[in-house]
Amino acid sequence: MATASTALAHGISVRPFSKTLLIYFKEAKYEFLTRLRLRAYSISTISFPVMFYVLFGLVLNPKGAPVGGTTIATYLIASYGAFGVMGASLFGTASGLAAERGLGWLQVKRASPMPPFAYFTAKVALGMTFSAIVVSLLLLLGVTFGGVHLPIRDAAELLAILVAGSLPFCAMGLAIGYFVGPNSAVAAINLIYLPLSACSGLWIPIMFLPKLLQQIAHFLPPYHLAQLALSVVGAGQHESNWVHWEALIGFSLLCLGVARVGFQRDEGKTYG
Amino acid sequence: MMISLAGPIKVWLERGNRMIATLQETHERRKKESGDGGAVIASLHQASKNFGDVQALRQVDFAVRAGELVALLGPNGAGKTTAVKLFLGLAKPASGTVRVFGGNPIDAEVRTRIGAMLQVAKVPETLKVREHIDLFSSYYPKPLPLAETLAMASLQEIKDREFGELSGGQRQRVLFALALCGDPDILFLDEPTVGLDVESRRLLWEEIRKLIARGKTVLLTTHYLEEADALADRVVVINRGEIIAEGTPAEIKASTTGRRIRCVSSLSIEIVRALPGVLEVRRDRDALEIRTAQAEPIIRELLMRDPGLSGLDVTSAGLEEAFLALTGSSNNAVA
């Protein structure tokens, strides 16, 4: 990290700020284009939560059926929204990082004068952008076909919370990306992503899960993101939102710490 | 089809060779005019590097001078890639120092003057050629205009193609374009033509020569002697992490051409050395090793003077053989 930050500091000193900003912008833009054209990523991260929502939120449910203080169609925007955010963030960061560092591309970039932080920022920006796309689609579907009545202000708040909630999972993705191989990345992410989201009540509302799972869910980060989103539509578990924020922030820091260890281990292998 | 094409291909190859010869002459002349090399701009001093138990480089001293094209020649696993990684700041020497433009290659300021072409297993495939170049150009303070980069790497016609659609030769040219787009002063090209067919290889050679014509400094690694011969001002032969020979391509070739006679004989070195046509004689354990342009007259003479001569072995020191003779067989080393 020392070497990277020296390089970064130098990068700022030799480059006008506008030029640095341009690099961050282009890095993010091309990361986005790369993934958008990569159907495996763009279609699956968007279509899975949307399909689930259409199936369980719109098709299989009578309009206006109540759950947890709101309608199913509204409830599921928040929970499948969290599910979609988690997928977009994990796959957006971990699979790209694992492949690029495992197959030599990251090394080409590191040999160039690219500010290292621009690389990670682009990956996080990608995760957040796709998160925003997924949540917006769910909102649009819910309002158009699911009889969801949500004031603009609440819809905006829901979107903002979920997109901000992308950050802990981007951090988690960076941590995973440093510890899995290029070929096992997708399998590893699914192995973490799917059970974690199911046990956090993102597929089936939390109150329908067995009591034991409901207890365990308190230790799972996706649960806390879903609860923050649900509280906007008045369907949370009536816990203090501070608890959820603290859990997510703590989890983010933990993941960044792990990612940092991976980063240093990687540099150590090649630098040391 | 093959028969009808053979003629034109031959003509084309000959024309290519003539062109290369002319370019080489120009280059030699330019070098003479500019004196014996410029200032040292990149150097390894007593640099060692190991990966676990494997010693990739052993106390290597190596310098690249401004304006020259140096080929680091060696078999796979000789330590070529490790040397390049040290120069690029992608690896740190276990001992010794690395200097590029008087600084440390991990400094961004130094890196803005360096271009690098590395061996990559996979490049993001859904970005277009011009997009890849646009992104890398943005890292440098004074990049070349896109059109110029495209022209220098012969990519104009495929600039809108996605990387994944390109052939092997085209992919290498894109990586080459990424190395030169920032208009760096020195370029490190790690095995730029590995795995390419003859035509793609020659095309890339032309492009590398154009860089030198623009006053750039180039260090390239290769395990093709022919490539080092065709491009380099100076060849440094490396094997098992050690530099074992260094000189102009002509010197390297001269030191190894002709034939090598090996035999066990009671004749003294002085007598053999006095024979007409003998270039060099040395004693290797109980045998004599004689280097000559033509083996037969000398063998005749030797047998006449020493009927008890035994263990006669004649090897031709062609270019590839010479290279193998220089490097020996390689093992236990990493790239």
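Of the 335 residues that make up chain B, 42% count as buried, and this figure, like every other value in the report, comes from a predicted model. The secondary structure of chain B comes to 12 helices and 13 strands. Among the contacts of chain B with a separation of 6 or more, 69% are accounted for by residues 24 or more positions apart.

**The open sheet of chain B**

Six strands of chain B form an open sheet with mixed pairing, in the order β5-β6-β7-β3-β8-β9. The edges are taken by β5 (114–117) and β9 of chain B, and because each of these has a single partner strand, one side of each is left without a neighbour in the sheet. Neighbouring strands of this sheet are turned against each other by 15° on average, direction ignored. In general, the strands of a sheet pair through backbone hydrogen bonds, either parallel or antiparallel. The pair β8(B) and β9(B) runs antiparallel and is joined by five bridges, and B:V237 stands opposite B:A245 in β9(B).

Two helices of chain B can be described against these strands. Helix α2 (residues 80–88) of chain B lies across β3 (69–73), β5, β6 (186–190), β7 (217–222) and β8 of chain B, and runs at about 150° to β6(B). Helix α7 (residues 198–213) of chain B packs on the sheet and touches β3, β6 and β7 of chain B, while its direction makes about 150° with that of β7(B).

Most residues other than glycine have a negative phi.

| Residue | Phi | Place in chain B |

**A helix pair in chain A**

In chain A, helix α4 (residues 72–102) and helix α11 (residues 221–232) pack at an angle of about 145°, with their axes 9 Å apart. The crossing in which α4(A) passes α11(A) is right-handed. On the side of α4(A), the contact is made by A:Y75, A:A78, A:S79, A:G81, A:A82 and A:M86, and on the side of α11(A) by A:P222, A:L225, A:A226, A:A229, A:L230 and A:V232. Divided by class, the residues of this contact are 10 nonpolar, two polar and no charged.

**Where chain A meets chain B**

Between the chains, 30 residues of chain A are in contact with 28 residues of chain B. On the side of chain A that touches chain B, at least two residues each are supplied by α1 (2–14), α2 (17–37), α5 (105–111) and α12 (241–271) of chain A. The helix that gives the most to this side is α2(A), with eight residues. The residues of the side of chain A that touches chain B divide into 15 nonpolar, 10 polar and five charged.

Technical notes: Residues are numbered from 1 along each chain as its sequence is written. Chains are lettered from A and ligands numbered from 1 in the order in which they are written. This is a predicted model: local features need pLDDT of at least 70, side-chain atom pairs count only at pLDDT 80 or more; totals for chains, interfaces and linings use all residues. Two residues are in contact if their C-beta atoms, placed from the backbone, lie within 7 Å. Helices (H or I, at least four residues) and strands (E, at least two) are DSSP runs, numbered from the N terminus. Ala, Val, Leu, Ile, Met, Phe, Trp, Tyr, Cys and Pro count as nonpolar, Asp, Glu, Lys and Arg as charged, and the others, Gly among them, as polar. Two strands pair if DSSP finds at least two bridges between them. Axes are lines fitted to C-alpha atoms, for helices over the stretch in contact, and angles run from 0 to 180 degrees between N-to-C directions. A residue is buried if 20 or more other C-beta atoms lie within 10 Å of its own, exposed if 12 or fewer, and partly exposed in between; C-beta atoms are placed from the backbone. A crossing is left-handed if the near helix is turned anticlockwise from the far one by less than a right angle, and right-handed if clockwise.
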